[in-house]
Amino acid sequence: MLQVGVNGYGTIGKRVADAVEAQPDMTLAGVAKTRPNYEAEAAVRKGYPLYAAIPDRADRFHDAGVDLAGDVEDLVIKSNVVVDTTPSGIGAANRELYDRYDTPAIFQGGEDADVADTSFVARANYDDAEGAQFVRVVSCNTTGLSRLLAPLREEYGVEKARVTLVRRGGDPGQTSRGPINDILPDPVEIPSHHGPDVQTIFPDLAIDTLGVKVPATLMHLHSVNVTLESAPDAEEVRRLLSEEPRLFVVPEVARIDGTGKLKEFAMDTGRPRGDLWENCIWERSISMEGRDLYLFQSIHQESDVIPENVDAVRAITGTAEQAESMAITDDRLGVGL
Ligand code: NAD
């Protein structure tokens, strides 16, 4: 049984912790938090061992009546793998701690690619994590694009991808983020950083990306154009994408017209936190013009990287092959609509 520690218990960390607990071959060693806030309270109620991420602040937990199992260093020692889900830049600073105890670690997409030996998307480059000490699960957007491009590259070849990412201003809990009433080119530089990030997964891929930020919190929306090397018809592409468990082709008959109803559907079907781990691709948008594929897909930024983190634990420890790991993860989480 792999002992997995989670350092940083926020939007991504709390979901990774629950996902680890759901697996048959791993258990949660504990979670490290900086403050005894509502998320710490929820972790305690779930029975997760809680560690002080910043030892000097342990008193704050004691004062709030929250029991600690130790400091983050104790968690690192206890863990076979640590998933670092701290805010951007903190992961890189934590690297030395994991290195000191020879503990493999998985970082998140907010870190620069050079924090790790390899960037990671299970469907695209699982085997690259084998034998690595540090792996970076790429951002929500890069994960979503890589999952879509992997089967297209394998089946048809990709000449060039062009994507406009309409990005949510912040997560639902991020009250300090915006815009509240604006539409921003963000980043205004073209191409945006997203394309080069996808190239950390597919180094030979030609891809240009543009970013726009809007007053929304639910999901991102990608407007995708991929020039393929052959010219399948739209129905063939739809079938190919439907066969991928981590791609949800939103059926026309469902009458889901946007991210609001997608999230409503996730909640109605009992998904934890209303999470949508799959790319959500609108069936009706899948269109071919010659060799040009067009489609819209939505990405639930808070959850699409969760199955990837679980797979990265198995990949970095060499405890399962790609197909086996992805199948176990999907089965235990309920991925695949
Ligand atoms: P978050 O702010 O929701 O959570 C981070 C948690 O880490 C917070 O609870 C914070 O208190 C804690 N923390 C701060 N400093 C710490 C330290 N020194 N040690 C331990 N914990 C510390 O952030 P998040 O959205 O979960 O993002 C985490 C990482 O995941 C980032 O790299 C981010 O870019 C990436 N990511 C975020 C999203 C998203 O949409 N939220 C999607 C994909 C990837």
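**Figure 1. Residue classes in the shell around the ligand.** In this predicted model, the shell around the ligand is made up of 14 polar, nine nonpolar and three charged residues. Of the 26 residues around the ligand, those that come nearest are Gly8, Gly10, Ala53, Gln108 and Gly110. Helix α1, which covers residues 11–21, gives three residues to this shell, and that is the largest share.

**Figure 2. Packing of helix α1 against helix α11.** On the α1 side the contact consists of Arg15, Val16, Ala19 and Val20, which meet Ile306, Asn309 and Val310 of α11. Sorted by class, this contact of α1 with α11 holds five nonpolar residues, together with one polar and one charged residue.

**Figure 3. Packing of helix α11 against helix α12.** Helix α11 (residues 306–317) and helix α12 (residues 322–333) have axes that come within 9 Å of each other and cross at roughly 140 degrees. Since angles over 145 degrees would count as roughly antiparallel, α11 and α12 are therefore classed as oblique to each other. The crossing in which α11 passes α12 is right-handed. From α11, the residues that make the contact are Pro307, Val310, Asp311, Arg314 and Ala315, while α12 brings Ser325, Met326, Thr329, Asp330 and Leu333. The class division for this contact of α11 with α12 is five nonpolar, three charged and two polar residues. Val310 of α11 is listed in this contact with α12 and is also listed among the residues of α11 that meet α1.

**Figure 4. The contact between domain 1 and domain 2.** The protein chain is divided into domain 1, which is given as 2–137 + 305–333, and domain 2, which is given as 141–299. Between the C-alpha centres of domain 1 and domain 2 the distance is 26 Å. To the contact, domain 1 gives 16 residues and domain 2 gives 15 residues. On the side of domain 1 that touches domain 2, the elements that give two or more residues are α1, α6 (122–125), α11 and α12. The residues on that side of domain 1 divide by class into seven nonpolar, five charged and four polar. Helix α1, one of the elements named for this side of domain 1, is also the helix from which the largest share of the shell around the ligand comes.

Figure 5. The peptide bond that runs from Asp186 to Pro187 is cis, and its omega is near 0 degrees. Pro187 lies in the loop that connects β10 (184–185) with α8 (194–199). Ile190 and Pro191 are likewise joined by a cis peptide bond, for which omega is about 0 degrees, and Pro191 is found in the loop between β10 and α8. For context, most peptide bonds are trans.

**Figure 6. The backbone at Arg255.** Although Arg255 is not a glycine, this residue has a positive phi of about 55 degrees. Arg255 is found in the loop that lies between β13 (247–250) and α10 (259–268).

Terms used. Residues are numbered from 1 along each chain as its sequence is written. This is a predicted model: local features need pLDDT of at least 70, side-chain atom pairs count only at pLDDT 80 or more; totals for chains, interfaces and linings use all residues. A residue is near a molecule or strand if its C-beta atom, placed from the backbone, lies within 6 Å of it. Helices (H or I, at least four residues) and strands (E, at least two) are DSSP runs, numbered from the N terminus. Ala, Val, Leu, Ile, Met, Phe, Trp, Tyr, Cys and Pro count as nonpolar, Asp, Glu, Lys and Arg as charged, and the others, Gly among them, as polar. Axes are lines fitted to C-alpha atoms, for helices over the stretch in contact, and angles run from 0 to 180 degrees between N-to-C directions. Angles under 35 degrees count as roughly parallel, over 145 as roughly antiparallel, 65 to 115 as roughly perpendicular and the rest as oblique. A crossing is left-handed if the near helix is turned anticlockwise from the far one by less than a right angle, and right-handed if clockwise. Two residues are in contact if their C-beta atoms, placed from the backbone, lie within 7 Å. Domain bounds come from an automatic or database domain assignment.
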